[in-house]
Each structure stands twice: as C-alpha cells, then as structure tokens.
Amino acid sequence: MEETEKAELQISGIHCATCAVTIEEALAAVPGVEKAEVNIATNTATVHYDQGKTGLAALEGAVTDAGYEVVRAEAVIRIGGMMCAVCVQTIEAALLDLPGVSTATVNLASEKAYVTYNPSLTSVAVMREAIEGAGYTFLGLDREVTDEAVDAALKKDLWDKVKRFSVGFVVAGILMAIMFLFPMLPYMGLVMLVISLPAFVYVTAPIFSAAATALKHGALTMDVMYAMGTGVAMGASILGTFSIVLTPEFMFYDTALMLGAFLMLGRFLEGRAKGATSQAIRALIALQPETATVVREDGPAEILLSEVVVGDLLMVRPGGRVPVDGTVTEGESSVDESMITGEPIPVHKLPGDQVVGGTLNATGALTFRAEKVGSETMLARIVQMVSEAQGSKPPVQQIADRVVAWFIPAVLAVAVLAFLVWFLLLHAPLVFALSTLIAVLVVACPCALGLATPTAVTVGLGRGAAIGVLVRNGDALEAAEKVTTVVFDKTGTLTVGRPEVTAVIATAGDAARESLLAMAAAVELNSQHPLAGAVIRAAEKAGAPLPKSTGFTSSSGRGASALIDGRTVLVGSGGYLDELGVEADLALVAQAASHQQAGETVVMVAVDGQMAGLIAIADVLKPSAPPAVAALKKSGRRVVMLTGDARVTAEAVAGRAGIDLVIAGVLPDQKAAEVKRLQQQGEVVAFVGDGINDAPALAQADVGIAIGSGTDVAVETGSIVLMHEDLLGVVAALQLSAKVMQRIRQNIFWAFAYNGLLIPLAAGVLYPFTGFLMRPEYGALAMALSSVTVISLSLLLRTYTPPAVRQRGTGSALSA
C-alpha cells in the first residue's frame, strides 16, 4: 500500500510565475511525486509524494538542480550519555529517520548534534523524542545551554566517576589483601561476595544501566560489551562461591571490581580530555564583555551587552574590550585585534575607522557607534562558523564509520570463538577459556576510532581560529591538504588594492622632488581621477605643504592643469603634454618607459611648458606576497596569478612577487572558467581572492580562500577565510590543514593498531608460544588508555604553530 506524504518546502529565488512552473515541473519529474504546487506569495512548494519511492532529499535536490535554493532550519543540540562511535551512529540514524531531517552529524568530542531540517515537517521537540527514544539525554539546544552549565555538569559527572573508580580500586585492594593475608579464611567466598557485591553494583551501575537502555532500543554499544565482560566475571564468581556448575576456582571478585574501576577510570580520563578539546571556541566566546558603556544625554551608563542596539553610542576606556562592531566617532587609540586576526601588532584607530567586538582597547579612550550587535557581530559569526565546522566530518572519517558499523558484532564473535576454541578444541580449563572471553570483551574499543577524527577537527579548527584561519568544514580541511596549484587574484589580493606613488623623479635633481610632488598634488586636489588620490596621499605622507592652485581644468582623464604662483603646471600623460606643446626630455622619457615596463603608470609634470619630472604610480605589491609565493613554491605547489590587466603590467607584478605563470586579460566573470580549466588539467586548485567579486571562482575552486582584514572580510565567502591580509596566512592555512589531516590519520592508525594488536592478545594467540595471557583487568586498563592516547594526540594541536605564522612573526592571544 502506498504511503503518501506531504512536504512543504520553503524556497528562495522565486520571482515570477515562470519560476513557479519551473519548480513544479522539476518536482513532478521526481519518481514518486504525485502532485507539486508552488505558491509565489509565500515562496513555498507543497509536494505530495509516495515515501516508498522518493524522499525529502530527492525533492530538495530537484529544486536545487532547477537553480533555486531550499531554505532549511538548523539546530545544534547538546546530547548526554554518548560513550563511543556506535552511540554516534545510533543518534545519527535516529535523527535521519525523522521526516524532514536533511542532514544529521554528531560530534562525539563536543557531544553535539548538528541538524538541518524542514521546520514544516519536524521540530526540535520531535528530535528530542528521537534522541531520548534512542536512550540518550537531550540537554537542550546549544544556544540555550550556557558554558557554565556545561562545565558544572562535566565536573559533576567527572566527580561521580572519581568516586566510583576509587571505591572499586579500594575494595579490590581489600579483597586482594584478604586473599594474601588470610588464604585459609573460612567461608572465603561468602566473605568476598558480601564485601564486593555492594561495591560492584555501585561501580558498574552506569555501565549496566546504559547497556540495558541500548538493548531496549536494539543497539549494540560498548556498554553492552563491557556489561557482558564484567557481568560474566561477577556471575562466574557467584556461581563458583556456591559451587553451582562452577567450582570455587572461578571466583573473580577482585577482577570484576578492577574491571569496573578501570572502565570508570578510562571514562574519567576521556571525559576530562574531551572537555579540553573545545577550549579554543570557549576562549573566543569569553572575549565578549558582559556589559557595555553607552553614552547618554545625562552621561555614560553601564548596560548589559544584550541591551545594546544598532545606533547606540558606546565608550571604551583604556584596557577595556570593545563590546560590539562599529565605527569610531571620537578619540584615538591603539586596539589589539590579535584575538580576531592573529596579528600581534595593535592597530591605530582614528574617527572613521572600524572596531570589532572582542578586541582590546590598549591606550586611549574611544567612542564609537554600534553597527552590528548580537549574532551579527564578527566575533559571533566566527564562533558560529568554527562551531559548525567542528561538527563536520572530513571524507577520511568514512573509513572509521564503516569499521564501527560491524566492529561490535565482530568482537562478540571473536570473544565467543576464542572461548569455544580454547575450551572445546584445545581442551583448556574452563577458567582459562572464560578469562579469554572476558578479556576480549573489555579490551576492544571502537571509542578510539570514533574520537580519532572529531577530536582532531575540533582542536585543529579551534587552533586555526586563534591564528586567524577559519576553515568552514571538514571537506575543505581535507581538500586543502591535496592542493597542487594556488591561484592568486591580483588586485586587492597580491596587491594592496589601491594606487600608491612608487617613485618621484625631478629634472632639477633630488632636492626638487618634494616641491614637484607638492605642485602635482595641488593640481590633483581638484581632480576626480583615481590616480589623483595617490599623488595627494604621497605629498601628505612626505609632509610637503601644498601651494594654492587656481584655474583648474581637466581633459577627460588624460591630464589636468592649474595656476600655481602664477606658473602653469601640467600633470598628465606624455601624450597630453605633447598636445600642449611641452618639449620632451629624452632622459625623462627613457625613465618613464622603464617604469611603464615594470607595470607602473607614469604621470608627467611640466611647469611653464618645460618638463619638470615624473611621478610613477602602481598598485603596490603586499610585502607578504614574495615570501608567501616562495613558501608555496618550496612546498612543491604551482603558483598562478590571475588578472584582468594587460600582460605587460601583469608580468611585471608577477615578477616582483616571484610568480612564473600569469593568466592575464581575464574578465571577472571568466575567472571561474580559468579555474575550471586548471582542474581539467588534473590540478587540485586553491583560489585566493578578496571575497568581493571573486565568488564564482572561490566556489569553483577545490578550496576557496577569502582573504581580507578582520573588520570587513565576508566570513560567508570561501571554504577557508583568513582574518588578516598577510598572504603568509594562505601558506599557514595549507600547513594547518596538512597537520590536522596528518593527526587524524595518526589517530586512526593507532586506533586500528590498538584493536588489531590487543584483541588477538586478549584471545590468547601468544599463549601457546610464550605462555603470555592478558588478564582481563589489564585489558580494561589498555582500553581506557587507547581513547586517552587518541585525545591526547589531538590536544597536541593546541600548541601547533604553522611555520608560516612563525615566519611572519605573529602568534596568538589565545593559548588554545
């Protein structure tokens, strides 16, 4: 029987009836769709479909393929009770089974679920039911749960584990002391049972409770295996005590308690280490002050940060943190922006400059007008982006996910097989075979596999945020490591993005250079030409007083003239001066040609019909460009410059940067096609642009790197965003990605190696050759150490500083 479902999709990009028809036809073409109607007024599509033939993902895909976008809601949910990678898969499956859920990714390290869903089909309340129905704890939406509450819950949980494993070790020690000091004690079995049973129940209660919940919901988790291992040890001990089937030699009371204690110790160490993985994101959140000082008519007043609105006039005293983003209206100060950009040198702020929330005001008092507050501030967007990225999975995680799916059934099979082989085929004593069964059950650990990727991603991306490198997702992380070609846009990326004076040559000698620049600037004061600003800025920087000019005239961008102290001063191209009868100076013309060959624009200056000198202007190269290009080439990558400039100019700039391959004369809408052409040649391409007019190329590239200042960069652009303009940040981003991926592979290797080595040892494969048999309690200890080892390796990333960051002499204000 067909099960008809109704889905309502919110769609963006619908402008007219044609759009509606296009979407309806696209949906109708999906097998299983019975009816599709688009409402232009509400921008929604209502679809009736057979859920046995199609699903929400296919419907959304059809809309996307038609050129429109489905609007989805997102939720970040904090979850309690997860212990291993199987728990992750169980929760993801429970969420994905809900109608309307498009994606569900669970991060074991941060204990969060990242869900995208259609709010017309499901809700957070339904997700809560699914999570709790799977046997886990819904702690609330991430934004509803404060860090203080999370820390308090973690401390409470860790203290509970400390009490449990302490009781386990103490009582186990008492049992061993009794056996050693009073080996002939009457009723030894009963005494040990009375002493150990209350402690065993207390120590292992969380394990058996979680195992019962998992079995109730049809899930095989590590708690089930641990409950079986400890339960068999305690059950055999009780049977041996009363000589029911088993003899007194099967009393494992101390072993059963040690097993439970080591399992609790392992979870304590794992929980404490996991709590450290998210320190970087917490450090970013902590940058935001709780209050702000608002300037009112009756004087300054302190208000809560949540009460600040756009347009408020705020004041920041020396040593205080900027509460929100805005523009300085009064005052002058140096502001430390290292916590946002990774750049350690304070930035001098004047009226008209932008300030970013979370940065530290160093010297003077500033008054600024609030422009972005709440979730719209740069800091809030960075935190959100890093948090979402930490919830993503690089493709390499798929290997671990596939293994985890069959891991526990395989381990159960190995445990039973080891028992049967030793007892039935090799005729070993029952106590020996039982020991191998217990050891295999407690030594196996998919937790290390489940933690290998998320812990490295969480710590690595947090470290990236601390040095001004924001990686948007796991795919970008993995792709960045494989980059073979780095393509730089020229204007605003390799160069500063505005013309600057590079040389001033006066025919009367160097002593006349300042007066020549001042006269040219006096003429250009009245000009609207883009190069005029460069001349004026250069004169102001040189401190040259500008003479008064009158009678200004201009000629269609070719040049301008004015009277200065009764003399006619001409500023413009050589052709413009020729037309006005200025006699050429051959030496000056030769120098002009030299500058033009170097890709610079030359402005000639004449006074009363005589050549007085020239001013060379260019969009100057960023100081960081040559060392960044050199570092990329040294790493074996090809570096390309892409620009709309003429080839002569482009090659001159590329030559100064050290770039050998230039693609010139490319219009903005052709950049993506050039990137695609390189990809078709087999290159893995990273495109580096300023994020303003490079969106198609950034999207086309395997890795799009948006580069800009921390105050104005669009964090939504690019798969990697640099919060500063230093091009060595591109190298740092690639180095960080490579380091994180290297650590992920190391973690996965050790997780596989641990299980591949210790499970056979626990099964007794070495016993026939060496007489070595792993005791179950040692197996439990090894299991605990495996997860801690993987997390500890990931935590080493907190101290990693990419060589490119050290090269540019920057660090971070954050220790994470």
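**Close-up views of a predicted model**

**View 1. Helix H27, end to end.** Helix H27 covers residues 776–795, and its 20 residues reach 29 Å from first to last C-alpha, close to the 28 Å expected at 1.5 Å a residue (the expected span is 1.5 Å times one less than the number of residues). Helices here are DSSP runs of H or I with at least four residues, and strands are runs of E with at least two, numbered from the N terminus. H27 is mostly covered, with 15 of its 20 residues buried (under 20% relative accessible area, 1.4 Å probe, protein chains only). This is a predicted model, in which local features need pLDDT of at least 70, side-chain atom pairs count only at pLDDT 80 or more, and totals for chains, interfaces and linings use all residues. Residues are numbered from 1 along each chain as its sequence is written, and side-chain values use heavy atoms, leaving out hydrogens and water.

**View 2. A four-stranded open sheet.** Let's follow the strands: their order is S2-S3-S1-S4, with antiparallel pairing (two strands pair if DSSP finds at least two bridges between them). Strands S2 (33–39) and S4 (69–71) stand at the edges with a single partner strand each, so one side of each has no neighbour in the sheet. S1 (residues 4–12) meets S4 over three bridges, and Ile11 stands opposite Val70 in S4.

**View 3. Two helices against the sheet.** Helix H1 (residues 17–28) packs on the sheet, touching S1, S2 and S3 (44–50) (contact means heavy atoms within 4.5 Å). Helix H2 (residues 56–65) lies across S1, S2, S3 and S4.

Technical notes. Buried < 20%, exposed > 50% of the residue type's maximum accessible area, 1.4 Å probe, protein only. Axes fitted to C-alpha atoms, helices over the stretch in contact; angles between N-to-C directions.
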